[in-house]
Amino acid sequence: MTTYLETNKQRFLDELLDLLRIPSVSADSSFKGDVRRAAEFVKDKLAAAGLDNAQLYETPGHPVVYAEKIVDPARPTVLVYGHYDVQPADPYELWNSPPFEPTIRNERIYARGACDDKGQFYMHIKAIEAMLATDGLPCNVKVMIEGEEEVGSDHLGTFVVENRDMLKADVILISDTSIISNETPSLETGLRGLSYVEVQVTGANRDLHSGVYGGGVANPINVLCEMIASLHDENGRITIPGFYDNVVDLSSEERAELAKAPFDLDEYKRDLAINDVMGETGYSTIERTSIRPTLDVNGIWGGYTGEGAKTVLPSKASAKISMRLVPDQTPDEITDLFTKHFTAIAPAGVTVQVTPHHGGMPYVTPVDSVEFEAASKAFEDAWGKKPIPTRGGGSIPITALFEKELGIKSILMGFGLDTDALHSPNESYGLFNFYKGIETIPYFYKHYAALKQ
């Protein structure tokens, strides 16, 4: 297999670059045709890799791509999950090269979706191709790649429920997470959940002259800023009543294990060009970004922002807010708590509207399963050292639903780095990581087949 991988590595890369050229932005309806073009591309590459029944399954949104290879019904089955949609690339002017014209600089691929998740799920297609080409696929495999992960996977749940038999498997394998570094591999054992809302504060029935009305009526931007500022106290804790009621605190032993992960605070600050970190008092930076819930403003707007001056007191002001959740918080519960609190703290001079967007449950995978052991052994084979178990700060909303509807756990076998600038301008993915992932994935199949005997 090593020879096959080496012989075809340039082709593998060229195919990924072609996929990255497709602007499959699921959040923007103007890209709908491109999202479908990406789905067609993935379907064709699954078939070319040697999988059977490669096809698109329509949903009310973007299609799900599915293919499979059943080598022996008696063998264990791996269900691979990924997503071909990407985040919007805005603001385009902050990219050093066009986001949908992939560019390789310093052994890294720069493009929207390079790591999240096109580069990572495409590793699986190429690893499966290599195993099939060399008669080295020891497990059955099913591949499901969706096109709505970046907008909450709204229709994947229905697809899973309606196709339980087709998706029946023993484990789900996902590469949409990261490792500590290229020198220190790791396996994420959990993800945070998500509650995402949009808020709008409305004052007067029209924009007003700031000289005539300023000081006499509420300014929605001022009010919104004050309301948002009140959502954290001086210790960085979220002030919404009941917000922490269901949070499961880690034991001192669990926190000690988490602290074993290599982390250089000075390097962290240098990489981000910041003078200091901040967050909830009593927790380390690693803990704040993985095992603690958060509330952040993702966007805020209102009034006049064009060139020059316009002395206006705006009628409306808005913001988008995301809350990352931990076990045992639920998105419905937190969205409801936020809505009640944010409405209650609004002063009498304004009205408030809270619009929920999407959410997802937090997720934890056991480290004492044969699935986790197989993944750990795979990393050890490829890197020569055991991976360190870590907790991820991001969200993959569908993982909890997979467990609920299919009754199986997910293994978070990611190969990205925290420095890959996911969701940001100049997103990238290392060539080392792309090729190392293709090398590592077949080891998982080998060990999983052996452990499941």
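Modeller: Helices (H or I, at least four residues) and strands (E, at least two) are DSSP runs, numbered from the N terminus. This is a predicted model, where local features need pLDDT of at least 70, side-chain atom pairs count only at pLDDT 80 or more, and totals for chains, interfaces and linings use all residues. Residues are numbered from 1 along each chain as its sequence is written, and side-chain values use heavy atoms, with hydrogens and water left out.

Colleague: Where is Pro91 found?

Modeller: Pro91 lies in the loop between strand 3 (77–83) and strand 4 (103–105). The peptide bond leading from Asp90 into Pro91 is cis, with omega near -5 degrees. Another cis peptide bond joins Pro327 and Asp328, with omega about 5 degrees. Asp328 sits in the loop between strand 14 and helix 11.

Colleague: Is Ser153 buried or exposed?

Modeller: Buried means under 20% relative accessible area, exposed over 50%, partly exposed in between (1.4 Å probe, protein chains only). Ser153 has 7% relative accessibility, so Ser153 counts as buried. Its phi is positive, about 50 degrees, although Ser153 is not a glycine. Glu107 also has a positive phi, near 65 degrees. Glu107 is exposed, with a relative accessible area of 56%.

Colleague: In which order do the four strands form an open sheet?

Modeller: Two strands pair if DSSP finds at least two bridges between them. Here the order is 12-14-10-15, and the pairing is antiparallel. Strand 12 (294–302) and strand 15 (351–360) are the edges, each pairing on one side only. Strand 10 (residues 193–202) and strand 15 share eight bridges. Glu198 stands opposite Thr355 in strand 15.

Colleague: At what angle do the axes of helix 12 and helix 14 cross?

Modeller: Axes are lines fitted to C-alpha atoms, for helices over the stretch in contact (heavy atoms within 4.5 Å). Angles run from 0 to 180 degrees between N-to-C directions. The axes of helix 12 (residues 370–383) and helix 14 (residues 431–451) come within 7 Å and cross at roughly 135 degrees. Angles under 35 degrees count as roughly parallel, over 145 as roughly antiparallel, 65 to 115 as roughly perpendicular and the rest as oblique. Helix 12 and helix 14 are therefore oblique to each other.

Colleague: Which residues make the contact?

Modeller: Among them are Val370, Phe379 and Trp383 of helix 12, and Phe432, Tyr443 and Leu451 of helix 14.
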